Amino acid sequence: MAKIFCIANQKGGVGKTTTAVNLAAGLVGHQQRVLLIDLDPQGNATMGSGIEKSKLSKSVYQVLIGHANIKDAVQPCASAGYEVLPANRDLAGAEIELVELDERELRLKNALSQVAHDYDFILIDCPPALSLLTLNGLCAANGVIVPMQCEYFALEGLSDLVNTIKQVHAKLNPDLIIIGLLRVMFDARMTLQQQVSEQLLAHFGDKVFSSIIPRNVRLAEAPSYGMPGVTFDKTSRGAQAYLEFGAEMVQRVRDMDAIQKKQEEVKP
Ligand code: ATP
Ligand code: MG
């Protein structure tokens, strides 16, 4: 049964999509079966996986509004070996259409229940907004991965996201937790980044992943070749960091399973 993770941060351009496609590829590198959901009308995770977003006959949009079965909309990322539920601009309309539908925040969760047995990990690349689409992602997920740059305003935006996650946890999805904060585009030479990183560790402790993703130009170049950086240049520092992060996620899921098993054992 797949573990489902949202990659979310309502701030734009913080590295959500780069994390989603490279973690997907990194997990494949650790023999995991992975489905990547593009939940952003920009379709960047789709293009970054080598799938042409203007030529989709079925996408996550049709799945959410109930016009297509998820199994018919999934496509392979040929270069990296994971599968993709792609998106394009059609998805922007779903935001309005979903409001009229039953269980509007549970549409993705219901669709994923049909394929959860086919994968070890399902990753959801969220748009840069706390919208109904992101809410669908949060309701479907076991946990949230928050990529963030170690900059001065990074912590401010975090509180809105944390509050939204708390509300979803309380009202809609009791399973939902923040799995961890991932430091991305990190430049160790910048004193400010070091300081913010230390603040993060002081504040959030082991909720901060030990893997750190450096700023690395190969990761930024890869999408124009329709490939995750991990497959585009496996030896680059960025690719190596995402492979290491993949290993850390596999371990976190093992730890989560062990805790759950223990809790079940102590239940009378
Ligand atoms: P949006 O909010 O628009 O969806 P995002 O949070 O998904 O954006 P990305 O698209 O992943 O962010 O990254 C923003 C830009 O930063 C892209 O041009 C990407 O190539 C670049 N980038 C991301 N991570 C790195 C990195 N570690 N090193 C260098 N460039 C990076
Ligand atoms: Mg993105």
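Me: Which residues of α9 are buried?

Reply: Gln-193, Val-196, Ser-197 and Leu-200 are the buried residues of α9. Buried means under 20% relative accessible area, exposed means over 50%, and partly exposed is in between, with a 1.4 Å probe and protein chains only. The helices (H or I, at least four residues) and strands (E, at least two) are DSSP runs, numbered from the N terminus.

Me: And where do those four sit around the axis?

Reply: The buried residues Gln-193, Val-196, Ser-197 and Leu-200 cover an arc of only 105 degrees, which puts them on the same side of α9. The arc is that of the directions from the helix axis to the C-beta atoms. On the other side, Thr-191, Glu-198 and Ala-202 are exposed.

Me: Before I go on, what kind of model is this, and how are things numbered?

Reply: This is a predicted model, where local features need pLDDT of at least 70 and side-chain atom pairs count only at pLDDT 80 or more, while totals for chains, interfaces and linings use all residues. Residues are numbered from 1 along each chain as its sequence is written, chains are lettered from A and ligands numbered from 1 in the order in which they are written, and side-chain values use heavy atoms, leaving out hydrogens and water.

Me: OK, back to α9. What do its buried residues pack against?

Reply: Four elements: β6 (143-149), α8 (154-171), β7 (177-186) and β8 (208-214). Contact here means heavy atoms within 4.5 Å.

Me: How far apart are its end C-alpha atoms?

Reply: They are 20 Å apart, which agrees with the 20 Å that the 14 residues of α9 (residues 191-204) should span. The expected span is 1.5 Å times one less than the number of residues. Gly-205 follows α9, and its phi is positive, near 50 degrees.

Me: Which other residues have a positive phi, though not glycine?

Reply: Gln-31 is one, with phi near 60 degrees, and Met-185 is another, at about 50 degrees. Gln-31 lies in the loop between α1 and β2 and is exposed, with a relative accessible area of 67%. Met-185 lies in strand β7.

Me: What's the strand order of the sheet?

Reply: β3-β4-β2-β5-β1-β6-β7-β8, an open sheet of eight strands with mixed pairing. Its edge strands are β3 (75-76) and β8, each pairing on one side only. Two strands pair if DSSP finds at least two bridges between them.

Me: Which helix packs on it?

Reply: Helix α1 (residues 16-28) does, touching β1, β2 (34-38), β5, β6 and β7; the direction of α1 makes about 165 degrees with that of β5. Helix α8 lies across β6 and β7, at about 170 degrees to β6. Those angles run from 0 to 180 degrees between N-to-C directions, using axes fitted to C-alpha atoms, for helices over the stretch in contact.

Me: Zoom in on β1. Is it parallel or antiparallel to β5?

Reply: Parallel: β1 (residues 3-7) and β5 (residues 121-125) pair over five bridges. Cys-6 has Ile-124 as its bridge partner in β5. Three bridges join β1 to β6, also in parallel, and there Cys-6 stands opposite Val-144.

Me: Which way do the β1 residues point?

Reply: Lys-3, Phe-5 and Ile-7 point one way, Ile-4 and Cys-6 the other, and all are buried. With five of its five residues buried, β1 is largely enclosed by the rest of the structure.

Me: How about β7, how many of its residues are buried?

Reply: Eight of the 10, so β7 is largely enclosed too. Seven bridges join β6 to β7 in the parallel sense, and one pair of bridge partners is Gln-149 with Val-184 in β7.

Me: Why does Gln-149 count as buried?

Reply: Because its relative accessibility is 12%. Gln-149 is in strand β6. Leaving aside neighbours within four places in sequence, Gln-149 is in contact with Gly-13, Val-14, Ala-154, Val-184, Met-185 and Arg-215.

Me: Last topic, the largest nonpolar core. Which residues touch the most other members?

Reply: Ile-37, Leu-112 and Ile-124, out of 52 residues. A second, separate core of 35 residues includes Ile-7, Leu-23, Val-84 and Phe-245. A nonpolar core is a set of buried Ala, Val, Leu, Ile, Met, Phe, Trp, Tyr and Cys residues joined through side-chain atoms within 4.5 Å.

Me: And α7, how many of its residues are buried?

Reply: Eight of the nine in α7 (residues 132-140), so to speak mostly covered. Among them are Leu-132, Asn-136 and Ala-140.
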